[in-house]
Amino acid sequence: MGAFAAWLFKQYTRSLIASLAQKQERDRPLLAYQQLSIAPLRDREKTAILQYMASEYANPELDLDTMVAAINVTRAKINDILKSELGYTFISYLNKLRLTEAARLLAEKPEANVGEIAGSVGYKNTSYFNKLFKEEYGCTPKTYKSVCKKQ
């Protein structure tokens, strides 16, 4: 019975590692700085939006109004561009950027605790970060971190 439980746990761990690796690979293109282009006005606005979000995502005070003031693009235009180009709303894209970076940090910095990483990517509330991370990756940040250590 004990051998079977160990085998089952090992299979679960392998499956989780494979699933997380696949998710990380799929999320790589979402990094804003990899999606910049030079072209007409809409592309300039898209570039401004993505550059701003790529440079400011870790700011816990970042919200749509702050971005509107900083890049001089309307709320509607920001949401329209993000939705049509990337399939995300402002908040969902911001969370995607933050969570992708958090996953990278969890994998690369085993000495950092979850609260530090949550704060470094813009989350003031670690519980909220844990909730979003689990929804996105299917496991808690702590589990993700321990699985990445084993790779």
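Which residues in H5 meet which residues in H7? Let us work towards that pair of helices step by step.

This is a predicted model, in which local features need pLDDT of at least 70, side-chain atom pairs count only at pLDDT 80 or more, and totals for chains, interfaces and linings use all residues. Residues are numbered from 1 along each chain as its sequence is written, and side-chain values use heavy atoms, with hydrogens and water left out.

Start with the overall plan. The protein has 8 helices and 0 strands; here helices (H or I, at least four residues) and strands (E, at least two) are DSSP runs, numbered from the N terminus. Of the 151 residues, 40% are buried, where buried means under 20% relative accessible area, exposed over 50% and partly exposed in between (1.4 Å probe, protein chains only).

Now look inside. In soluble globular proteins, nonpolar side chains tend to be buried together. The largest nonpolar core of this model holds 40 residues; such a core is a set of buried Ala, Val, Leu, Ile, Met, Phe, Trp, Tyr and Cys residues joined through side-chain atoms within 4.5 Å. Met-53, Ile-78, Leu-82, Phe-90, Phe-129 and Tyr-144 touch the most other members. Helices H1 (2-27), H2 (41-56), H3, H4, H5 (90-108), H6, H7 (126-137) and H8 (141-150) each supply at least two residues of this core, and the largest share, 9 residues, comes from H5.

Back to the opening question, then. H5 and H7 pack at an angle of about 90°, with their axes 10 Å apart; axes are lines fitted to C-alpha atoms, for helices over the stretch in contact, and angles run from 0 to 180 degrees between N-to-C directions. That makes H5 roughly perpendicular to H7, a label for angles of 65 to 115 degrees (under 35 is roughly parallel, over 145 roughly antiparallel, and the rest oblique). Asn-95, Lys-96, Leu-99, Thr-100, Ala-102, Ala-103 and Leu-106 in H5 meet Tyr-128, Phe-129, Leu-132, Phe-133, Glu-136 and Tyr-137 in H7, where contact means heavy atoms within 4.5 Å. These residues divide into 9 nonpolar, 2 polar and 2 charged; Ala, Val, Leu, Ile, Met, Phe, Trp, Tyr, Cys and Pro count as nonpolar, Asp, Glu, Lys and Arg as charged, and the others, Gly among them, as polar.

A second pair is worth a look. The axes of H3 (residues 64-71) and H4 (residues 75-86) come within 9 Å and cross at roughly 105°, so H3 and H4 are also roughly perpendicular to each other. Leu-64, Asp-65, Met-67, Val-68 and Ile-71 of H3 make the contact with Arg-75, Ile-78 and Asn-79 of H4. Ile-78 also touches Ile-49, Val-73 and Phe-90, among others, not counting residues up to four places away in sequence.

Between H3 and H4 lies a loop that contains Asn-72. Most residues other than glycine have a negative phi, yet Asn-72 has a positive phi of about 55° although it is not a glycine. Asn-72 counts as exposed, at 71% relative accessibility.

Glu-45 is buried, with a relative accessible area of 15%, and touches Val-73, Lys-77 and Ile-81, not counting residues up to four places away in sequence.
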